[in-house]
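User: I would like to learn how to read the surface, the fold and the salt bridges of a model. Please start with the surface.

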Amino acid sequence: MPDKWVDWNKTTRSKDYRGSASFATFMIIGPTCFFLGILFAMFPYDFPLLWTKDPISAAYLDQLETHLKFIHQSPPLIARVLSIMVGVGFLGFFIKLFRASESNMLFDGASLVLYLIGVGVYVANIVKGLRLVSAGAWTRDDFDPATAASIGRAGSDPLTGGEVILGREDSLKVMAASNTILALVLVGVLVLQAGQWYAERKDNEEYEKFEKMEKSGAGGAPSSPTSEKTKKKQ
């Protein structure tokens, strides 16, 4: 890794180290928990689609479709708040990874990768699914449920751009699975941030233990094997 990206001299005890107690960490954890809360609110709708073997009624699909239409057709302020929260998370990562230490590259770099995967899942699957639901793709005259999984629409169709449209139930299951994947990815971000806190805690404990050994050995015996070797050389 080039030195311009990583400051190898920076440790968890450096003054400019941005670790788990920094404000940038809260800029990451806050949006992550915010999105997990939204996904938790969607879980009652996703549960019958993925986690039960009971037959799914048409009335339930109609209710879910109405709920998704209401979400997608909400005022523009809602979409702006979501975009701001996503941007706050990215800003937190960029702050922590500017002149990053080895710890930042390990934990925050991996967290950023998971965060990017989550944004990709959201844009590629969830947003596209919401657009299909809001546009009533399954009630259009040119939609044939029998050939939905094998034939794509024309490339000039502004709704799909030539991509394949699944049936209504399958499309809603894909959205539910995408919500689950997104939740797991965001939990992974929290786990990595918690891992960084734990690593810093253990590092501080080791440092304090070493300081105590130095103080206790200051009267006579060398405090460490390194200092003993130095004395022998002298």
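Analyst: Accessible areas are computed by the Shrake-Rupley method with a 1.4 Å probe, and for residues only the protein chains shown count as cover. Here the protein exposes about 14600 Å², and carbon and sulfur atoms supply 64% of that area. This is a predicted model, where local features need pLDDT of at least 70 and side-chain atom pairs count only at pLDDT 80 or more, while totals for chains, interfaces and linings use all residues. Residues are numbered from 1 along each chain as its sequence is written, and side-chain values use heavy atoms, with hydrogens and water left out.

User: What percentage of the residues of the protein count as buried?

Analyst: A residue is buried under 20% relative accessible area, exposed over 50%, and partly exposed in between (1.4 Å probe, protein chains only). Of the 234 residues in the protein, 32% count as buried.

User: How many helices and strands are there in the protein?

Analyst: Both are DSSP runs numbered from the N terminus: helices are H or I with at least four residues, strands are E with at least two. The protein has six helices and zero strands. For contacts, the criterion is heavy atoms within 4.5 Å. Among contacts between residues at least 6 apart in sequence, 73% join residues at least 24 apart.

User: How many salt bridges does a search of the whole structure find?

Analyst: A salt bridge is a side-chain nitrogen of Lys or Arg within 4 Å of a carboxyl oxygen of Asp or Glu. The search finds six. One of them pairs arginine 168 with aspartate 62, with the closest N and O atoms 2.7 Å apart. Arginine 168 lies in helix α5 (residues 168-216) and aspartate 62 in helix α2 (residues 58-72), so this pair ties together parts 106 residues apart in sequence.

User: Where do glutamate 169 and lysine 173 lie?

Analyst: Both are in helix α5, four residues apart, about one turn of the helix. Shared partners, in turn, join the salt bridges of Asp62, Glu65 and Arg168 into one network. Glutamate 169 and lysine 173 form a salt bridge of their own, the closest N and O atoms being 3.4 Å apart. Glutamate 169 is partly exposed at 31%, and lysine 173 is partly exposed at 28%.
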